[in-house]
Amino acid sequence: MDMSTGLDRVAEKARKDSRVRFTALAHHITPEFLKETWKLMNHEGALGVDGESAQEFERDLERRADEIVAELKAGKYKAPPVRRVEIPKGDGRTRPLGIPTIQDRLLQRAVARILEAIYETEFLDVSYGFRPGRSPHRALRALRKQIVGKKVNYVYEADIRAYFDHINHKWLMKMLALRIGDPVILRLIGKWLKAGVMVDGVVVRTEEGTPQGGPISPILANIYLHYVLDLWFERVFRRQCRGEAYLTRFADDYVVCFQYERDAKRLGKELPGRLSKFNLELAEGKTRLIAFGRYAEGRCGRRPETFEFLGFKHVCGKDRQGRFAPIRIPSVKSCRKFLDRVRTWLMLHLHLIKRREPQAHLAAMLRGFYQYFSLMHSQPKLKWVWHEVKLQWIRALRRQGRPGKVNWKHLRVCDWYELPRVSKALHPMV
């Protein structure tokens, strides 16, 4: 059977019957399926606890794929612990990232493909994170349509404290069992959840959470919040609202728009209890209710507050025709995080400062920043970021010990010092 055709049949069966339990899924994991999955993966990731690279694994892909399938069939596959690394968050704190071995990464991605075939038909439209064809820009577009075209007067901004670290294993396995009846797949997921992390050479076992970094983590995290938040909001809470209410979620980042303040305050009372039932809690200081929308200024008697979502600060403003419009600009946190990355790269590559390599690398970094953040009304902020990058480059050049040779007057005529700008929105329809 063609691998894609097999998954298509699974997806079609899941779509036709929302209550069906799939009791035979492991047979889809064949050597051919693993080799097909290998082509879909990023081969540039960091190394796992065994130190094996993607290039080393690929040289013996045929044999290794056969071995993985044989171990699965014999029930002997062991999930190795993940290697923990700390990733800066941009606010001085770090976020733990779990790096599986390259072999485990391949098997996780294969199982994730099977789960996606089942759950993509079940996930609600309010969910956008880590799903095929549902980018952050689509989530931003949906949110904008709600604020502009619906009866939105209030926005409830919330954040779940350390979400990935507090996913309850027992609840997650119960949720999976509603659709997955294959014991091989369930045991395999259970092994990954309990594999633990390696910190300074010591394996620490975990009783909760799913490490960010593994290919299986995004789909598991989405399944958890699908049951904890999405279904509850759409089928229980929203039906009891007096006015309109809209949830927009991207992974664990979400906002809720309301017509009436009373409904929004009720969510503030009921949501903590709903989350605590599943071992989750709201982050203090990051959860609030604000007046937002075309009539917000009249309601609060002053300039409306702003909120942040997916790296953008949302501001009540007007378009070129003078009509109300939510203005989205890169948040201070997003800009600071990007500039910190630029500064770190320059400090680590001072030996390249007089060559063209820094120009190419910084240009690529800026283009990536523009590609995400270039919405309508973002150009002034993007110009400021461009200016700050050039200033950081000057400071790095001066660290070479010849400050008199480095100034704006001299550098402005050097073609190797040019960096790309953005003159118009790259996503005008978002």
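I took contact to mean heavy atoms within 4.5 Å. Axes are lines fitted to C-alpha atoms, for helices over the stretch in contact, and angles run from 0 to 180 degrees between N-to-C directions. Helices (H or I, at least four residues) and strands (E, at least two) are DSSP runs, numbered from the N terminus.

The model is predicted: local features need pLDDT of at least 70, side-chain atom pairs count only at pLDDT 80 or more, and totals for chains, interfaces and linings use all residues. Residues are numbered from 1 along each chain as its sequence is written, and side-chain values use heavy atoms, without hydrogens and water.

**Entry 1: the sheet.** I found helix α10 (residues 261–276) lying across β3, β7 and β8, at about 145 degrees to β7. Helix α6 (residues 136–149) lies across β6 and β7 (253–258), at about 165 degrees to β6. I then followed the open sheet: its 4 antiparallel strands come in the order β6-β7-β3-β8. Strands pair if DSSP finds at least two bridges between them. β6 (245–250) and β8 (288–291) are the edge strands, each pairing on one side only. β3 (residues 154–159) is joined to β8 by 4 bridges. Y154 stands opposite A291 in β8.

**Entry 2: helix α8.** Just after α8, G196 takes a positive phi of about 85 degrees.
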